[in-house]
Amino acid sequence: ASSLDAFQTLFRTKVTNVKALNLSGCKMSPHLLVQIVKTLSTSSYLTDLNLSNLPFSQAALPHLMYLFAKKQLKSLDMSWVQLPIQVTAKVLVGLRSCRNLRFINLSWNTMRKGDDS
């Protein structure tokens with residue numbers, strides 16, 4: 001079984017009530033990260049998520065937006081993921097639906113035009 005299979009089994013099991021997940025700096029492909037974020041979007045318990053220093057791709061964005069829409073996140077760290085400015089803007093708009101959000105770290109990402117070179 002792959003690490004993705006094990007991860008999906010962990011988060012799709014009714015027994016698992018994981019509230020915090022830190023994947024900061026894990027070595028993975030952008031495709032694997034998309035699959036992980038997709039799996040996380042099904043969680044009903046996750047409140048603290050650290051995706052810092054990971055190969056974030058735009059393909060993960062719809063799944064992340066779905067997670068934001070569930071309004072359960074209290075803490076999100078997406079620092080050092082090298083978001084392009086267009087994706088940063090979408091993330092910021094999506095975060096407006098997270099009414100319980102108390103901590104956001106988007107440091108070391110593109111926040112203005114001209115920075116995404």
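Visitor: Where is tryptophan 80 found?
Guide: Tryptophan 80 sits in the loop between strand 3 and helix 4. Keep in mind that this is a predicted model.

Visitor: What's the phi of tryptophan 80?
Guide: Near 60 degrees, which is a positive value in a residue other than glycine. In general, most residues other than glycine have a negative phi.

Visitor: Which other residue has a positive phi like that?
Guide: Lysine 71 is one of them, with phi near 65 degrees. Lysine 71 is in the loop between helix 3 and strand 3.

Visitor: OK, back to the tryptophan. How many aromatic pairs are there?
Guide: The count comes to 1 aromatic pair. Tryptophan 80 and tryptophan 108 form it, and they are stacked, at 4.5 Å centre to centre with 20 degrees between the planes.

Visitor: Which parts does that pair tie together?
Guide: Tryptophan 80 is in the loop between strand 3 (75-77) and helix 4, and tryptophan 108 is in the segment after strand 4 (103-105), so the pair links parts that are 28 residues apart in sequence.

Visitor: Is tryptophan 108 buried or exposed?
Guide: Tryptophan 108 counts as exposed because its relative accessibility is 61%, and the cut-off for exposed is over 50%. Tryptophan 80 has a relative accessible area of 44%, so it is partly exposed.

Visitor: Changing topic: what about the largest nonpolar core? How many residues has it got?
Guide: It has 33 residues, and Leu49, Leu51, Phe56, Met78 and Val91 have the most contacts inside it. Helix 1 (3-12), helix 2 (30-40), helix 3 (61-69) and helix 4 (85-95) each supply at least two residues.

Visitor: And which helix gives the most to this core?
Guide: Helix 2, with 6 residues.

Visitor: What is methionine 78 in contact with?
Guide: Leaving aside neighbours within four places in sequence, methionine 78 is in contact with Leu51, Ser52, Phe56, Leu64, Leu83, Val91, Asn105, Leu106 and Asn109.

Visitor: Which residues are buried in helix 2?
Guide: Leu32, Leu33, Val34, Ile36, Val37, Thr39 and Leu40 are buried there. The buried residues of helix 2 pack against helix 1, strand 1 (20-22), strand 2 (48-50) and helix 3.

Visitor: At what angle do helix 1 and helix 2 pack?
Guide: About 10 degrees, with their axes 9 Å apart. That makes helix 1 roughly parallel to helix 2.

Visitor: Which residues in helix 1 meet helix 2?
Guide: From helix 1 you have Ser3, Leu4, Phe7, Gln8, Phe11 and Arg12, and they meet Leu32, Gln35, Ile36, Thr39 and Leu40 in helix 2. The residues of this contact divide into 6 nonpolar, 4 polar and 1 charged.

Visitor: How about helix 4, what covers its buried residues?
Guide: The cover includes helix 3, strand 3 and strand 4. The buried residues themselves are Ile85, Val87, Thr88, Val91, Gly94 and Leu95.

Visitor: Last one. Where does lysine 70 lie?
Guide: Lysine 70 is in the loop between helix 3 and strand 3. Setting aside neighbours within four places in sequence, lysine 70 is in contact with Ser41, Thr42, Ser43 and Ser44.

Visitor: And how far is lysine 70 from cysteine 98, C-alpha to C-alpha, or rather, what separates them?
Guide: Their C-alpha atoms are separated by 7.5 Å, and the two residues are 28 residues apart along the chain.

Key. Residues numbered from 1 in each chain as written. Predicted model: local features only at pLDDT ≥ 70, side-chain atom pairs only at ≥ 80, totals over all residues. Heavy atoms only, no water. Core = buried A, V, L, I, M, F, W, Y, C linked by side-chain atoms within 4.5 Å. Buried < 20%, exposed > 50% of the residue type's maximum accessible area, 1.4 Å probe, protein only. Helix = DSSP H or I, 4+ residues; strand = E, 2+ residues; numbered from the N terminus. Contact = heavy atoms within 4.5 Å. Phe/Tyr/Trp six-rings, centres within 6.5 Å; stacked < 30°, edge-to-face > 60°. Axes fitted to C-alpha atoms, helices over the stretch in contact; angles between N-to-C directions. Parallel < 35°, antiparallel > 145°, perpendicular 65-115°, else oblique. Nonpolar A, V, L, I, M, F, W, Y, C, P; charged D, E, K, R; others polar.
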